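Dear colleague,

I am passing this structure on to you and would be glad if you read the notes below with the model open beside them.

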Amino acid sequence: MLKPKFNRRSTGLGMLAVAGMASALSFAANVQADTTVRAVMHAALRGLDPVASSATITKNHGYMIYDTLLGLDENYAPKPQMADWEVSEDGMTYTFSLRDGLTWHDGTPVTAADCIASLKRWGTFDAGGKLLMANTESLTAVDDKTFELKLAKPFGEVISLISKPSSVPAFMMPEAVASVPNGEPLPNQIGSGPFKFVADEFQPGVKVVYEKYDEYVPRTEAPVATSGSKEVYVDRVEWINMPDVQTTINAINSGDIDYIERTPYDLMPLLEANPEVHTAVNDPLGWMSVARMNFLHAPLNDARIRRAALLAVSQEDVMAAMIGDPRFYELCASVFGCNHPRESEVDGESLTSGGDLEEAKKLLEEAGYDGTPVVILQPTDVATLAPQPIVVAQALRKAGFKVELRPMDWQTVVSQRASKDLPSEGGWGMFITNYSVDALWSPVVNPLLISSGETGSYFGWPDIPEMEKLRSDYAATTDADARAQMVTDVQKLAMQEVNTIPLGQFKLVNSWRDDVSDIVQGPLTAFWGMKKED
């Protein structure tokens with residue numbers, strides 16, 4: 001399996017000449033006297049609620065201005081962040097104690113009541129949070145800096161859920177903000193994190209500005225992943241949206257921007273030729289590309305036909321088309337992703353060995369497949385999502401499927417995948433998306449495994465009571481051997497029912513200018529700890 005490469009220094013021929021950049025980089029004219037890091041993120045920020053939304057760019061925004069009770073170290077072990085914790089001998093009561101010096105951006109202190117309201121709100125949106133709240137008897141303040149979570153029944157995932165970084169982290173908000181009814185916008189962007197959101201300079205989809213929160217009191221431990229110190233060494237961070245990737249590459253080569261969150265793989269040689277630019281993989285786990293099928297309508301409402309689709313696919317073909325450079329992808333048949341303790345690839349062998357077309361054809365014949373087309377939503381405007389539908393469609397056709405590709409932009413896919421209409425009437429049969437591995441890495445947090453039907457499942461709406469029982473049993477037990485066996489059982493059932501088709505695991509490449517240093521490695525783009533020479 002691919003080993004991540006860290007802190008690799010690009011070498012080569014010198015900087016690329018940049019022309020025609022004046023309009024695209026008009027922000028450069030407003031050079032700040034303060035130390036400013038200008039970054040191009042993977043997407044434009046529009047939504048500002050990192051609990052109501054699972055969008056990665058919104059999560060990144062959340063980590064800038066909010067903080068979490070717990071973090072994770074480089075070994076994915078929970079660590080204190082805003083709070084320390086203790087567990088009662090019977091494992092039923094968790095006591096959290098806030099550390100000294102925590103204040104909101106308006107200067108008021110962070111209290112236990114704030115944290116209780118925030119956990120309750122998080123528990124209405126996050127898949128794992130919902131399960132935790134369903135097993136919680138009470139959340140009670142002991143005093144202004146201490147609160148207790150009492151379980152109604154044994155539940156082994158309390159700390160792992162509160163410390164997880166994806167898809168929806170348990171961000172702490174002021175009680176007045178966290179108490180806003182679901183569906184209503186947040187009244188403000190006041191957090192207690194290392195940066196403050198500059199509302200006056202926010203241009204949705206264009207530019208976001210953050211300023212250092214001078215009153216933030218960091219932890220004393222070294223910054224690692226989402227744990228430790230979040231001390232800020234720059235005055236401002238600006239996220240600049242540049243839809244054109246060539247413009248982005250030209251801008252970092254010329255020094256007009258400082259950082260690229262996701263470097264286009266095909267344009268990396270232009271950066272590797274510049275000795276003033278670094279490129280590196282800073283997230284050791286990376287991302288999984290996955291195909292999701294619609295369980296409600298023919299032909300994919302038959303598990304045999306879904307299994308035939310899985311058997312038709314070769315991950316190598318998908319990853320070669322999507323990424324190209326084998327340094328940045330690996331084959332992984334686990335619904336949990338690979339390279340962490342809950343990895344299991346049982347019954348997914350065909351995915352990593354080139355597919356099994358003959359077995360796929362047999363299953364289609366056994367199921368009496370009648371030629372009903374598989375409608376695949378095909379985003380055309382996102383580089384890490386555009387190639388997969390074409391490759392998967394070709395594989396399905398080889399196995400005997402009829403396939404209809406429907407080209408559209410990604411935002412239309414996001415809207416259309418919520419439709420439960422028949423595929424022939426505007427609905428869909430399959431779409432493909434990407435998830436960070438830390439959003440998939442256990443039966444409790446993985447949204448693709450939720451199988452409670454039309455009311456509670458992720459788009460595709462599987463209804464598999466056996467899967468729900470396995471997920472619940474996994475959450476309830478603390479026995480390591482039993483949990484390991486349940487991981488295998490979930491993997492087997494997911495391959496049988498085809499909750500998802502894993503298409504391969506890939507790494508994102510970050511790029512930054514030579515005057516930027518001390519990049520924190522981990523599962524998110526961290527601007528704390530980062531330094532920039534004046």
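Strands (E, at least two residues) and helices (H or I, at least four) are DSSP runs, numbered from the N terminus, and two strands pair if DSSP finds at least two bridges between them. This is a predicted model, in which local features need pLDDT of at least 70 and side-chain atom pairs count only at pLDDT 80 or more, while totals for chains, interfaces and linings use all residues. Residues are numbered from 1 along each chain as its sequence is written, and side-chain values use heavy atoms, with hydrogens and water left out.

The hairpin: β5 and β6 form a hairpin with 5 residues between them, and Gly91 in the turn has a positive phi of about 75 degrees. Strand β5 (residues 83–87) pairs with strand β6 (residues 93–98) in the antiparallel sense over 5 bridges, and Ala83 stands opposite Leu98 in β6.

The sheet: 7 strands make an open sheet with mixed pairing, in the order β10-β11-β12-β1-β13-β21-β14. Because β10 (195–197) and β14 (277–280) stand at the edges, each with a single partner strand, one side of each is left without a neighbour in the sheet. β10 runs antiparallel to strand β11 (residues 207–212), joined to it by 3 bridges, and Phe195 stands opposite Lys212 in β11.

Ile305: this residue lies in helix α8 (residues 303–312) and is buried, with a relative accessible area of 5%, where buried means under 20%, exposed over 50% and partly exposed in between (1.4 Å probe, protein chains only). Ile305 and Ala367 are 62 residues apart in sequence, yet 6.7 Å apart in space, C-alpha to C-alpha.
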